[in-house]
Amino acid sequence: MHRREKLKALQEKKINPYPCFFKRTYTSKEICDSFEKLETETTPVSVCGRIISLRSHGKSAFFHILDGDGKIQVYLKSDEVGEEKYKLFELFDIGDFIGVTGKVFKTRTGEKTVRSEDFQLLSKSLHPLPEKWHGLQDKELRYRQRYLDLITNPEVKETFILRTRILSCIRKFLDSQGFLEVETPVLQPVYGGAFARPFITHHNALDIDLYLRIADELYLKRLIIGGLEKVYEVCKDFRNEGMDKNHNPEFTMLELYQAYADYSDIMELCEKLFNFIALELFNTNKIRFQDEEIDLSPLWRRISFWESIEKYTGVDLSRAEEKKIREFAQDLGLKSDPTIRIGKIIESIFEAKVQPNLIQPTFILDYPVEMSPFAKKHREKEGLTERFEGFIAGAELMNAFSELNDPLDQRERFEQQAKFKQMGDEEAQVLDEDFLKAMEYGMPPTGGLGIGIDRLVMLFTNSTSIRDVIFFPQMKPES
RNA sequence: GGGGGUGUAGCUCAGUGGUAGAGCAUCUGCCUUUUAAGCAGGUGGCCGAUGGUUCGAUCCCAUCCACCCUCACCA
């Protein structure tokens, strides 16, 4: 008899295969944790979950049920539940949800087990689960049917629970520091705050195109202008770009702004935040990522952008002319044709030669102004900005500035971007007149920070693909 | 977009120019402390799609589709 026939047979016995309710008194974990006490008690426990394995012996059966906390074995015996009820169990399959009531005991091998006195179908499953030993291996199926991945591969569940706990830690930490969590628009008439092509959508009533945000930066700054001195938002950003193990078209970003702070204050904040997360999750500030042990404890290494290039290439490019930098990039085998602007060339040199070496937490400071349209010019160093990026395990996790708050300078930077756009750079910034107007009312000195949350979760969960930390990564629809 | 790989039973995977195999799952028996339960016997497949070569293709070739890896792109 197959599953649908069993379903029918149950209905003929007037059993609702999808009942509304079961009164659970203990989870599997609670039973295991307080087993010694429960063993001496006379009142039975009620547990429920999905049947994930089944060993039936004619007139008795053992099975494991999986619930949110873990799993527990159940023992079912014909002469204890009655012959008729036992027969009913033959209509149950692996994958079904069941509620079980009974007293706890230990089997001959010492396994904590519930001896069923009564049981009830809670939901009939019409498909078999993936193979019990290997689990679900096919990556495509794991992403498309994540629920099967979660049922059969326990470490996947742990990764995603960690993700949620990391988010809680971030909020707990920032709230404790006096930050206010806020919400700003996803649908924006002008997109900005990052370099990326946007997703475009249309509002029917207004008959205008709107963009899904690529960043929330310009809105959070409006709140700083409005007098909210410490704000942050954890949100989805959308970038219409390629996908790989570090990029998903929608991804989670933390942006944070603090009035009367500069980028040095933000560096300290980053160190504290990462250590807080590590201590809360693992009770240590040393974490393992692939083959590396990462020591998050402060102070992190600080090295200026140009120095880092000199250190890892042996060449000081800080005063080099554009022509020389282009030649140098070419020698390294990097693209350097004249249509690519110099900021991007410098960036590609950095990414190729410096970034892979940044395993232990490192702040790279003081980026050239042409790479950083929202960062304030450096208080001392000509041609540089007060900007840092934070790298761990070779990945860029943080990007922060002393924020540009000079409206005239900001306007010039936008105009510069407009030129890039005309030259064919699809990712250059669009001039945002409304934002400039806000800034012209006066914006206090402010430190700002962006952290790619997915990458941060990858670091803390030792994952090498962004798809392993996003429940439902973007996939092409099945045909 | 370039290069490489994968696609065979519900799942995990073998395999062959002559219409297909294992383990698990499933079905039928037997089995009242098992745990990758056991024993016996079954069911299950457009061999990713479309063309071509061939007497004959799941296998060789071409194209396409999906996924993975990698490079490019990408704050």
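Where is the place of Lys14? Lys14 sits in the loop between helix H1 (3–12) and helix H2 (28–33). This is a predicted model, in which local features need pLDDT of at least 70 and side-chain atom pairs count only at pLDDT 80 or more, while totals for chains, interfaces and linings use all residues. Residues are numbered from 1 along each chain as its sequence is written, chains are lettered from A and ligands numbered from 1 in the order in which they are written, and side-chain values use heavy atoms, with hydrogens and water left out. Helices (H or I, at least four residues) and strands (E, at least two) are DSSP runs, numbered from the N terminus.

- Sugar and phosphate make up 59% of the atoms of RNA strand B that come within 4 Å of the protein.
- The residues of this surface comprise 14 nonpolar, 14 polar and 25 charged, where Ala, Val, Leu, Ile, Met, Phe, Trp, Tyr, Cys and Pro count as nonpolar, Asp, Glu, Lys and Arg as charged, and the others, Gly among them, as polar.
- At least two residues each come from strand E1 (45–56), strand E2 (60–66), strand E3 (71–77) and helix H6 (139–144); H6 gives the most, with five residues.

- A phosphate oxygen of RNA strand B lies 2.6 Å from a polar side-chain atom of Arg108, and a phosphate oxygen lies 3.4 Å from a polar side-chain atom of Arg467.
- For His247, an N or O atom in the side chain is 2.2 Å from a base oxygen of RNA strand B.

**Helices packing on H13**

- Helix H12 (residues 322–331) packs with helix H13 (residues 342–354) at an angle of about 40 degrees, with their axes 10 Å apart; axes are lines fitted to C-alpha atoms, for helices over the stretch in contact, and angles run from 0 to 180 degrees between N-to-C directions.
- H12 and H13 are therefore oblique to each other, since angles under 35 degrees count as roughly parallel, over 145 as roughly antiparallel, 65 to 115 as roughly perpendicular and the rest as oblique.
- In H12, Glu322, Ile325, Arg326, Phe328 and Ala329 meet Ile342, Ile345, Ile346 and Ile349 in H13, contact meaning heavy atoms within 4.5 Å.
- The residues of the contact of H12 with H13 are seven nonpolar, no polar and two charged.
- Helix H11 (residues 305–313) and H13 pack at about 50 degrees, with their axes 10 Å apart, so H11 is oblique to H13.
- The H11 side of that contact includes Phe305, Trp306 and Tyr312, and the H13 side includes Ile346, Phe350 and Val354.
- The contact of H11 with H13 has eight nonpolar, two polar and one charged residues.

**Helices H10 and H16**

- Helix H10 (residues 263–282) and helix H16 (residues 453–461) pack at an angle of about 45 degrees, with their axes 12 Å apart, which makes H10 oblique to H16.
- Phe274, Ile277, Ala278 and Phe282 in H10 meet Leu456, Leu459 and Phe460 in H16.
- This contact has seven nonpolar, no polar and no charged residues.

**Backbone features**

- Lys14 has a positive phi of about 60 degrees although it is not a glycine.
- The peptide bond from Pro298 to Leu299 is cis, with omega near -5 degrees; Leu299 lies in the loop between strand E13 (292–295) and strand E14 (301–304).

Terms used:
A residue is near a molecule or strand if one of its heavy atoms lies within 4 Å of it. A polar contact is a pair of N or O atoms within 3.5 Å; within protein, one must be able to donate a hydrogen and the other to accept it, and residues adjacent in sequence count only if both atoms are side-chain atoms.
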